[in-house]
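Welcome! Let us read this structure together, one question at a time.

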Amino acid sequence: MQGFESAFESVEFLLIAGIVIVLAYLALEHKEIVYAAFFFGIMASFVAGFFLLLEAPFVAGMQIAVYTGGISALIIFGVLLLPRAQDSTLEAIESPRAKKIGILVSGSIMFISAILALRFPWSETIPEGTIDASLDVALLAEWLWGDHGVYVQIVALIMVTALVGVIALMKMDKAELMKDITGEFGIEARPVPEEIEPEPEESPEPEEAPESEKTSEPEASEEVAD
Amino acid sequence: MVPLSWYLAVAFILIGLGAYGMMVKRNLIRILIGAEIMGNGVSIALAAFAVYSPTFTLTGQALIILMISVAAAHTALALVLMLAYNRRYGSVDLGKPISQEEKLDV
Amino acid sequence: MQTDRLFLQFIPVLVWAILVIVLIVIMLLASWVLRPHILQNSEKTSTYECGEEPIGPARMSFPYSYIIYTILFVIIDVMGAFLWLLSVSPIRLNPIIAWQTFIFVIIIMGGIGYAMKYLPQTSLDGQETLEAYRAAKARHLEKPHAPGREH
């Protein structure tokens with residue numbers, strides 16, 4: 001039974017590792033960025049399988065809840081809001097020298113750290129056979145909430161700071177939109193043609209014109225997308 | 001039990017892939033995906049150390065939890081920054097040269 | 001080494017996941033085998049849009065202001081994960097922990113209340129666009145050659 005368990009664990013590790021690496025490569029290299037975002041979501045849920053192998057059930061659950069449910073949904077939503085990102089011509093840096101340097105640096109990071117991981121005598125540094133399989137979530141909760149409760153409050157403050165930053169950025173975005181309408185270089189900055197002198201008491205434009213003005217914002221970004 | 005070095009090898013392969021994506025790609029969303037892949041690799045390394053070292057178990061798992069929550073916050077901010085970049089420069093291309101007028105407009 | 005490893009409890013999940021993947025592959029292959037491969041006429045293969053001619057790409061741009069709802073969801077998600085961690089432990093009955101939980105929830109709810117309060121200022125709706133447009137038009141009609149308006 002013991003031999004079966006370890007063999008099963010090795011097979012499961014190799015299966016999950018292969019799936020995760022292939023999905024990560026696809027998320028970086030697939031031509032369609034919508035598919036790439038979906039591949040990233042599936043990769044994040046397979047990483048939770050590693051956490052289950054490593055005796056961390058709560059971390060696995062949080063990985064699925066936040067990464068797969070929140071962050072990958074956020075990325076897919078960002079792709080939806082930015083149709084220009086679906087342009088597959090901006091895949092990589094055009095200059096071959098910069099691309100070569102990038103591949104070289106990341107490849108050397110991977111190579112050196114993989115050598116370090118496989119050759120370093122971990123068994124002398126960390127005593128083996130001391131896996132605490134009886135660890136349950138209650139101990140983790142007591143560590144995080146009871147002994148180190150400040151961390152949780154700091155996480156709440158980080159979340160609120162991100163939210164305030166998002167609101168401030170969206171307000172700046174709206175101010176930029178308003179500048180298009182009322183600003184110095186806005187819609188109304190075009191000079192009035194001399195031969196058609198507008199009446200001073202002319203009523204403002206009918207309602208169709210501002211409506212089309214409003215919807216022309218997303219359409220302007222559409223033509224670059226294709 | 002799978003040896004610790006296997007987990008570390010997978011973690012470092014993921015970190016290298018994410019670094020490759022962040023350095024070579026020009027698409028802003030692709031760069032963000034690369035950063036998230038690097039974060040996942042770091043999580044795997046932390047979890048492996050947490051279970052193989054008896055004194056680091058609770059600390060390691062709590063670190064992963066804090067990392068995931070901070071990743072959620074920075075992804076939200078990064079996406080809104082991308083929207084602002086797209087509104088200002090009309091592109092999500094990081095390698096696009098910005099003209100002099102656009103520089104003066106800033 | 002203990003024998004009751006965690007992943008042994010998740011073997012049914014693995015079996016279920018493999019079944020799901022196999023089922024999806026079988027369904028895709030069956031539909032590929034069963035569908036006609038002879039090219040139909042172009043009317044049949046074109047996108048059906050209620051008798052209208054399809055215009056433009058299907059992937060259009062949505063207004064940016066929708067992303068704030070996804071961000072609110074992610075923040076609630078993280079808060080729920082932390083409260084889930086607390087809910088499995090008996091220390092949640094401790095009064096100090098209860099006060100900590102209260103402060104945590106109050107901070108995040110304060111942030112969400114701030115976001116909900118300033119939500120109308122982050123997006124430009126139609127009525128506001130109309131008013132701004134009319135005001136700008138009226139200002140322009142009053143003095144059409146204001147400084148900074150000539151090209």
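Q: How many residue pairs are in polar contact between chain B and chain C?

A: A polar contact is a pair of N or O atoms within 3.5 Å; within protein, one must be able to donate a hydrogen and the other to accept it, and residues adjacent in sequence count only if both atoms are side-chain atoms. Between chain B and chain C the count is 0 residue pairs, taking those with both residues at pLDDT 80 or more. By class, the side of chain B that touches chain C has 8 nonpolar, 2 polar and 1 charged residues. Here Ala, Val, Leu, Ile, Met, Phe, Trp, Tyr, Cys and Pro count as nonpolar, Asp, Glu, Lys and Arg as charged, and the others, Gly among them, as polar.

Q: Before we go on, what kind of model is this, and how are its parts numbered?

A: It is a predicted model, where local features need pLDDT of at least 70 and side-chain atom pairs count only at pLDDT 80 or more, while totals for chains, interfaces and linings use all residues. Residues are numbered from 1 along each chain as its sequence is written, chains are lettered from A and ligands numbered from 1 in the order in which they are written, and side-chain values use heavy atoms, with hydrogens and water left out.

Q: What area do chain B and chain C bury between them?

A: Buried area is the accessible area (1.4 Å probe) that two parts lose on being put together, summed over both. For chain B and chain C it is about 880 Å², 82% of it on carbon and sulfur atoms. Between chain A and chain B, the buried area is about 7,500 Å², with 77% from carbon and sulfur atoms.

Q: How many residues does each of chain A and chain B bring to their contact?

A: Contact means heavy atoms within 4.5 Å. Chain A brings 84 residues and chain B brings 69 residues. There are 10 residue pairs in polar contact between these two chains, both residues at pLDDT 80 or more. On the chain A side, α1(A) gives the most, with 13 residues; helices are DSSP runs (H or I, at least four residues), numbered from the N terminus. That side divides into 61 nonpolar, 11 polar and 12 charged residues.

Q: Which salt bridge partner does A:D173 have?

A: Side chains of opposite charge can pair when their charged atoms come close. The rule asks for a side-chain nitrogen of Lys or Arg within 4 Å of a carboxyl oxygen of Asp or Glu. A:D173 pairs with B:R87, the closest N and O atoms being 3.1 Å apart. Because A:D173 lies in helix α7 of chain A and B:R87 in helix α3 (residues 57-89) of chain B, the pair joins two chains.
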